[in-house]
Amino acid sequence: MLIPCKGVSQLNRFFSGLLLLLLFAYSATAQENYRDARISVDFQSISLEDVLNNISEQSGVSFSYNPRRISVDQKITYRASRETVVKILEELALMTSFEYEMIEGKIILKPKAKNVEKQKATLSGFIKDSSSGEALIGASVWVEELKVGATSNVFGFYSLTLPSGEYDVSFSYIGFNRQVRKIDLQTSQSQNVSLQIAPALLEEIIVTSIKPQLVNEIQVSKTHVRPSTIAEKPSFFGEPDAVKSLEMVPGVKMHSDGSTFYYVRGGDRDQNMILIDDAPIFNPSHLLGLFSTIIPDAVNDITLYKGSMPASLGGRLSSIMDVRTRKGNDQQFEVSGNVALLSSKLSLEGPIKKGKSSFLLSSRVSRVKWIFALFNDDIESFQFHDLTGKLNFDLSQDDKLYFSFYSGGDKFLTSDNGIEWSNRATTVRWNHVFSKRLFLNTTLAAGVYDYFLHTNRSNNTKWNSHLSNINLKGDFSYFKKPNEEFTFGLSLGGYNFNPGNVSINGSPIPPVISVRNSNEFVLYGNHEIRLGNHWGLNYGLRISTWVNEGEAFEFVFDDNRNPVDTLFFKKGDKYQNYQNLEPRISVSYNLNDNSSFKASAARNVQNIHLITNSISPFSSFEVWLPSSVNIKPQIANQVVLGYYHYLENSGLSFELESFYKRMKNQIDYEAHAETILNPLLERELRFGEARSYGMEFQVKKEEGRLRSWVGYSYSRAKRKFAEINNGRVFSAFYDRPHQVNITMSYDLNLRWNIGMNWTYYTGAPYSSPVSFYNFNGLEIPLYDQKNNDRLPDYHRLDITATLNLNKNEESRFKHNLMFSIYNFYNQKNTLFVNYNKTEQSDGGFKVPSNLLDKNTVSTQFYLFQFTPSIAYNFKWK
């Protein structure tokens, strides 16, 4: 059948109209449906072009854009589950530089209008423990929609400036339940957060962390040691020790058994600073080094910086141990304590006004006199003590006031002589929040250290070495954006040094050694910023000015170290100042959410110097001197390169760092240098340079039923002095190439916990004689190179088991027993070696003249072998 041409034309027009109608209907339907379509995406550092293609494939939405105006190569990391396309596009637009609109069924992308910034608002507040009100230092704040976050500072304060909008904000801290809040951030607001302690679980937990601090923060060589970690570590005589727990950290080398002296990355022990609430502790040892001065029960957080410090911290070359004490429970009254073999502790804390103010008192006293009295009935006093206290007041929403103090000391006295030393520290701090972005901490801190050697107690004859410091400091923090922060401030400090003078009934007797006074002014600034999704930059500058001030006198020496003149300075006279620039920079590159590379370079300057030629672990016989006419500031330059990785499902974190450090104006001594009661003390000093380098590896798991720290380090520490060892390079005492530390804690059930600690390191260098010669009938040892030999390698295993005595976990009174064994397999770790004695037929010893004699033996001194202990701990609230 043939259809007339006119009919065909009408039919074509009908179908064309129908097709246009269908296209219009489809376009309108697509325009409506894309708003409701829900898709799931997971983009890990892929281009914007691939992101748009993926969304288009899942939703059917078409995109139109000019690639010359929209950077489609920019990398996107973003995740969403069953979310609308509109919501996804809104969040992508915030993260990138485009805007979008729907036109005729297509989504048109265009660049954001310049000079038009979306309104922003700041979210800020304090994060604390809900049960005690203690600040949670380093708590994480995370905004999932924008993939940005922040961490709380040392006072628990955080600040985030975000585009106005509605967000799910999560707050988390290790050992606490995560809290998520939906916040409508249209204007700046405060959100104070209280997190609850996570209950003990026997099932292994799966840790989820959006962006772990280890990976995301730009700072390198920084380690947090929490009080719970210290408490779980096997302890010596049942006494948990904050300083000795540092042996878990690669790069830190403890002196030996029975000592709290430690060395960090090839630096001497006086190159480490311990701060308790910003006040310095100059001698951290008790009982000749068996225990440290820090009471773990009074500690909220410990942060160790290994040379790469923020610009706000300085004054030492190798490390700063920043200890923040607890402010006391502001919710309810608590009593806690400990009874161990050699000491007892008692702590009291509670609210003065609930939620607004609180107090803390923590004390420790020794009970060791009776042990030593068994061997010497002339002992009058053999004890040590500590007292830590703190008061805090919330004056207003924006103002907080803290007052803290520490007092500790040792006395070992007989009826006629003895020694004693003491540390005292006081801090007053005022926190003020100027705005949601600007935070100020003002600190007035003071520290005093005294050492007394009593030679005749009947007429009060004693030698006294003294060092004191007072410092006023203002620290500002300005949180410009979520990924950008400025910190800046200044400090003014004063020091007083007494290098050791003798007095009888308070009157000095000759020889008189000049007391020194010094002032220090520091100005610093630091800028931290994240550049896109991958790069981070932290750079700062610290400007330190050191000035000596009279009344004092100084000797001038010639090239042969003979005194040729004496300079006298009246009270108030300024002399011999040093000004130094201390730049520092850190750069990080995030490979993804769970791994990053970091690099840093820093210069540190030190103006106070410990003068001692003893390497004994028991000696606290110390003299301190300032940089002055004869002593220049010590300077260190350090570079660090590191890789960091976090396994999200297991909660394991990996850290690998390598470092290289050069130090100049280092201090050492000729053999038999006289450092006590010597008016010409400075001529005993020798100055040179040192260098250290190494690699440090650590694996940590801090949550779950099994918690562990595993570390290994390889490092070297070399020194060179023109007038020592004939100018040849020699190994420092703390040059111990290999070190391994393994610490583990495991919850068997709700009542039993077991733990272990294994330590190994290469033996320390020492000088051994190469031959002997006869002089006036005496056999005299002859030495060649300095530190030409090594002690045997050191290793030991400590174990512990803790029994929770509570059958009812809800009981207000909690107590436990801790059983520990120090050096479980009874390893004889050599402390000293003597090679210059031979055993005779009668069992006696004499100095030989022939070292080739087959009877020549070495005598070695060991300290602690198999040492069991038990301790009882309790808490009532």
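Predicted model: local features only at pLDDT ≥ 70, side-chain atom pairs only at ≥ 80, totals over all residues.
The protein has 877 residues, and buried residues make up 51% of them. Its secondary structure consists of 6 helices and 57 strands. Among contacts with a separation of 6 or more, 65% link residues 24 or more positions apart.

An open sheet of 3 strands was found, with the order β2-β5-β4. Its pairing is mixed. The edges are taken by β2 (62-64) and β4 (98-103). Each has a single partner strand, so one side of each is left without a neighbour in the sheet. Neighbouring strands of this sheet are turned by 30° against each other on average, direction ignored. β4 is joined to strand β5 (residues 106-111) by 6 bridges. These two strands run antiparallel. In this pairing, Ile103 stands opposite Lys106 in β5. Two helices pack on the sheet. One is helix α2 (residues 48-59), which touches β2, β4 and β5. The direction of α2 makes about 150° with that of β2. The other is helix α3 (residues 85-95), which touches β2, β4 and β5. For α3, the angle of about 150° is made with the direction of β4.

Strand β23 (residues 334-339) pairs with strand β24 (residues 343-353) over 6 bridges, in the antiparallel sense. The hairpin of β23 and β24 has 3 residues between the strands. Val335 stands opposite Leu348 in β24. Next, β24 pairs with strand β25 (residues 357-366). This pairing is antiparallel and runs over 10 bridges. Here Ser343 stands opposite Ser366 in β25. The hairpin of β24 and β25 has 3 residues between its strands. Gly355 lies in the turn and has a positive phi of about 80°.

Which other strand pairs with β23? Strand β57 (residues 867-876) does, in the antiparallel sense and over 5 bridges. Val335 stands opposite Trp876 in β57.

A nonpolar patch lies on the surface. It is formed by Ile352, Leu391, Phe393, Leu395, Phe403, Val428, Trp430, Leu444, Ile470 and Leu472. Together these residues have about 840 Å² of accessible area. Three strands each supply at least two residues of the patch: β26 (379-394), β28 (418-433) and β30 (461-481). Phe393, one of the patch residues, lies in strand β26. The relative accessibility of Phe393 is 30%, so Phe393 counts as partly exposed. The partly exposed class spans values between the 20% limit for buried residues and the 50% limit for exposed ones.

Asn580 lies in strand β37 (residues 574-592). Is Asn580 buried or exposed? At 14% relative accessibility, Asn580 counts as buried, because buried means under 20% relative accessible area. Leaving out residues up to four places away in sequence, Asn580 touches Arg542, Ile543, Ser544, Val605, Pro633 and Ile635. The C-alpha atoms of Asn580 and Asn604 are separated by 9.2 Å. Along the chain, Asn580 and Asn604 are 24 residues apart.

Asn498 lies in strand β31 (residues 484-504). Asn498 is buried, with a relative accessible area of 12%. Which residues does Asn498 contact, leaving aside its neighbours within four places in sequence? The contacts are with Asn464, Ser465, His466 and Val515.

Technical notes: Residues numbered from 1 in each chain as written. Heavy atoms only, no water. Patch = residues over 30% accessible without salt bridge, like charges linked within 9 Å, V, L, I, M, F, W, Y side chains within 5 Å. Areas by Shrake-Rupley, 256 points an atom, 1.4 Å probe, with all protein chains shown as cover. Salt bridge = Lys/Arg side-chain N within 4 Å of Asp/Glu carboxyl O. Helix = DSSP H or I, 4+ residues; strand = E, 2+ residues; numbered from the N terminus. Buried < 20%, exposed > 50% of the residue type's maximum accessible area, 1.4 Å probe, protein only. Pairing = 2+ DSSP bridges. Axes fitted to C-alpha atoms, helices over the stretch in contact; angles between N-to-C directions. Contact = heavy atoms within 4.5 Å.
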